Every structure is written in C-alpha cells, then in structure tokens.
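Reader: I'd like to learn how to read a model like this one, feature by feature. Can you walk me through it?

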Amino acid sequence: MRTLLGVTALAALLCLAAGCGGNGGATTTNDATASAATPASAPAELKLAEVSQYDAGPRAFVGAADEADVKRGAQLFQDKGCSACHAFGRKITGPDLAGVTQRRTAAWIENQILHPDVMVKTDPISHELFAKYMLQMPKQGLTPDEARAVIAYFRHMDHEAGEAHAKEAGK
Ligand code: HEC
C-alpha cells in the first residue's frame, strides 16, 4: 500500500510538473499525499531563537581599539553606506549607534553587519530591532575583517564618549 501511494504521489508530482490536470476528485487525494511527502526534502527553515546565541560574554566595549583599524573602520562606515542610516547620538532610519559596544558583544555586531538578513529572522535582539524600526538592514557586502575594523571604530567612538562624560562629571 505504501509503495502504491508513493507511486501515486510521484505520478501526481510528475503530473504537476508536466502541467496536466482536470482529474477531478483523484487530484485532490494525490495532492494531499504529495504535500505530506514534501517536508523531508524541503530545506531547513530559519527559526527565531529564544535567546541570542551571540549575546553571551563581555560587551564589545571591552578591549583596545587599534588605531589603524579605527581609521579603516571609520572610512568603511562612510564608503559602505552605513552612515546613510546610522549616526552616533541621533537616530536616522536605523538605530543610534552611540553606546552600541556597551549593549552588544563583538560577535553579535559582527553577525549583524555580515548577515543582517539572517539575524533578523533567527536572532531575537535583531528581530526586535527590526520590529521597532520597521526596516530591514541591507547586507553591505563587508568581509569579516572589514566588519572587525568597523567594530574597532564603534569601540573607539564609545571610548571617546566615555572619556568626554568622565571629563564633564569631573568639572
Ligand atoms: C538602509 C539602512 C541601513 C544601512 C545602510 C545599514 N543599517 Fe545597520 N541597521 C539598520 C536597521 C533598520 C537596523 C535594525 C535591525 C534590522 O532591521 O536589521 C540596524 C541595526 C544595526 C546594528 C545594531 C544596532 C543596535 O542597537 O544593536 C548595527 C551595529 C548596525 N546596524 C551596523 C551597521 C553597519 C556597520 C552598516 C554598514 C556596513 C549598516 N548598519 C548599514 C539600518 C541600516
């Protein structure tokens, strides 16, 4: 019976592919069998995780910002179009990036830069930001190395802001 159903399903699929039809009630039964067989061959779907897999550990703020990386990162931030949507200390169409290295880990930021399309579907933090800003951050085609330079630049910006605050508080 199983084989028979299999054969019928295959016939239905072939029939679908070939574009034949008009088989009345028989098609309905065959369709049901065919769709029941689909999940096994369908690619795994992207699933939203309950907890971000990139959010564990120290924030990106921790650590030194290499001067050459900072310079390169600042340039990339302009050249790769990030500055069209992001600024520091004010919101454009994307989130204000002031303090981003105090909010997120380096791994999280790197993934958001490299795979924003995947992050928005699988990472709860990115997903929430998407819901809030109602905009999908586009993939800007950076290499992992370039993404790390941009993170060094973010870190530098937050370090500078921290020093400015400390000075304010001191006077
Ligand atoms: C078209 C606008 C747009 C561009 C261009 C863009 N982003 Fe975004 N970005 C967003 C939006 C919107 C979000 C919120 C999450 C989402 O929707 O994916 C975001 C989120 C982020 C976050 C997380 C912010 C937070 O508060 O955690 C970082 C970091 C980031 N972007 C960096 C970058 C970098 C670096 C570039 C350039 C390579 C860039 N973005 C280019 C719109 C943009």
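This is a predicted model: local features need pLDDT of at least 70, side-chain atom pairs count only at pLDDT 80 or more; totals for chains, interfaces and linings use all residues.

Reader: How many helices and strands does the protein chain have?

Author: Eight helices and zero strands. Reading along the sequence, you get the pattern α-α-α-α-α-α-α-α.

Reader: And what share of the 171 residues is buried?

Author: Buried residues come to 23% of the protein chain.

Reader: Let's move to the ligand. Which residues are closest to the ligand?

Author: Cys82, Cys85, Gly94, Phe130 and Met137 are the closest, out of 28 residues that surround the ligand. Two or more residues of that shell come from each of helix H4 (100–103), helix H5 (106–114), helix H6 (116–122) and helix H7 (124–133).

Reader: Which helix gives the most to the shell around the ligand?

Author: That's H7, with four residues.

Reader: How do the residues of the shell divide into nonpolar, polar and charged?

Author: You'll find 17 nonpolar residues around the ligand, along with eight polar and three charged.

Reader: Now helix packing. At what angle do H5 and H8 pack?

Author: For a pair of helices, look at the angle and the distance between the axes. H5 and helix H8 (residues 144–170) pack at about 125°, and their axes are 9 Å apart. Angles over 145 degrees would count as roughly antiparallel, and 65 to 115 as roughly perpendicular, so H5 and H8 are oblique to each other.

Reader: Is the crossing of H5 and H8 left-handed or right-handed?

Author: Right-handed. On the H5 side, the contact is made by Ala106, Ile109, Glu110, Ile113 and Leu114, while H8 brings Pro144, Ala147, Arg148, Val150, Ile151 and Phe154. Sort the residues of this contact by type and you get nine nonpolar, no polar and two charged.

Reader: Does Met134 count as buried or exposed, and why?

Author: Here you count neighbours. Met134 has 7 C-beta neighbours inside 10 Å, and a residue with 12 or fewer is exposed, so Met134 counts as exposed.

Technical notes. Residues are numbered from 1 along each chain as its sequence is written. A residue is near a molecule or strand if its C-beta atom, placed from the backbone, lies within 6 Å of it. Ala, Val, Leu, Ile, Met, Phe, Trp, Tyr, Cys and Pro count as nonpolar, Asp, Glu, Lys and Arg as charged, and the others, Gly among them, as polar. Axes are lines fitted to C-alpha atoms, for helices over the stretch in contact, and angles run from 0 to 180 degrees between N-to-C directions. Angles under 35 degrees count as roughly parallel, over 145 as roughly antiparallel, 65 to 115 as roughly perpendicular and the rest as oblique. A crossing is left-handed if the near helix is turned anticlockwise from the far one by less than a right angle, and right-handed if clockwise. Two residues are in contact if their C-beta atoms, placed from the backbone, lie within 7 Å. A residue is buried if 20 or more other C-beta atoms lie within 10 Å of its own, exposed if 12 or fewer, and partly exposed in between; C-beta atoms are placed from the backbone.
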